[in-house]
Amino acid sequence: MSIEPNLFGEACLIRRWGRIGARGQRREHRFTREEEAVRLFLQLLRKRRSRGYRPKPNIR
C-alpha cells in the first residue's frame, strides 16, 4: 500500500497484491484531502495486522 499524488493533485491510496511472478492486481482510492487517504491506510493496516500480516523486512 502506498499514498501517492496523481496528476490532478489528489491523494491516491494504491493497493497492490498478487502472487510472485504474476502480474497481480491493483486498486486505487482517490481522495481530495491527504488526511482521508491516511485514515483509510491506517484502517486497512490495522485490519491486516489483526489477520496476521506483517511488514516485509528490509534485507540488505
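Reader: What makes the pairing of the Arg15 and His29 side chains a polar contact?

Author: In this predicted model, the side chains of Arg15 and His29 are joined at 3.4 Å. A polar contact needs N or O atoms within 3.5 Å, so the pair qualifies.

Reader: Where does Arg15 lie, and which residues does Arg15 touch?

Author: Arg15 is part of strand S2. Leaving aside residues up to four places away in sequence, Arg15 touches Met1, Gln25, Arg26, Arg27, His29 and Leu44.

Reader: How do you know that Arg15 has no salt bridge?

Author: The nearest side chain of opposite charge is Glu28, 11 Å away. A salt bridge requires nitrogen and carboxyl oxygen within 4 Å, so Arg15 has none, although Arg15 is buried.

Reader: How many salt bridges does a search of the whole structure find?

Author: Three. Glu28 pairs with Arg26, with the closest N and O atoms 2.9 Å apart. Glu28 also meets Arg30, at 3.4 Å from N to O. Glu35 and Arg33 meet at 3.3 Å, again N to O. The cut-off is 4 Å, so the pair Glu35 and Arg33 counts as a salt bridge.

Reader: What makes Arg26, Glu28 and Arg30 one network?

Author: They are joined by salt bridges that share partners. Glu28 has a bridge to Arg26 and a bridge to Arg30.

Reader: Why are Glu35 and Arg33 called partly exposed?

Author: Glu35 is at 47% relative accessibility and Arg33 is at 43%.

Reader: How do you know that the span of helix H1 is close to the expected one?

Author: H1 covers residues 34-50, 17 residues in total, and reaches 24 Å from its first C-alpha to its last. At 1.5 Å a residue, 24 Å is expected.

Reader: Which residues of H1 are buried, and why are they said to be on the same side?

Author: Ala37, Leu40 and Leu44 are buried. They cover an arc of only 70° around the axis, which puts them on the same side of H1. On the other side, Glu34, Arg39, Arg46 and Ser50 are exposed.

Reader: What covers the buried residues of H1?

Author: The cover includes strands S1 (2-5), S2 (11-17) and S3 (25-31).

How values were computed
Residues numbered from 1 in each chain as written. Predicted model: local features only at pLDDT ≥ 70, side-chain atom pairs only at ≥ 80, totals over all residues. Heavy atoms only, no water. Helix = DSSP H or I, 4+ residues; strand = E, 2+ residues; numbered from the N terminus. Expected span 1.5 Å × (residues − 1). Buried < 20%, exposed > 50% of the residue type's maximum accessible area, 1.4 Å probe, protein only. Arc of directions from axis to C-beta. Contact = heavy atoms within 4.5 Å. Lys, Arg positive; Asp, Glu negative; His and termini not counted. Polar contact = N/O pair within 3.5 Å; in protein donor to acceptor, adjacent residues only side chain to side chain.
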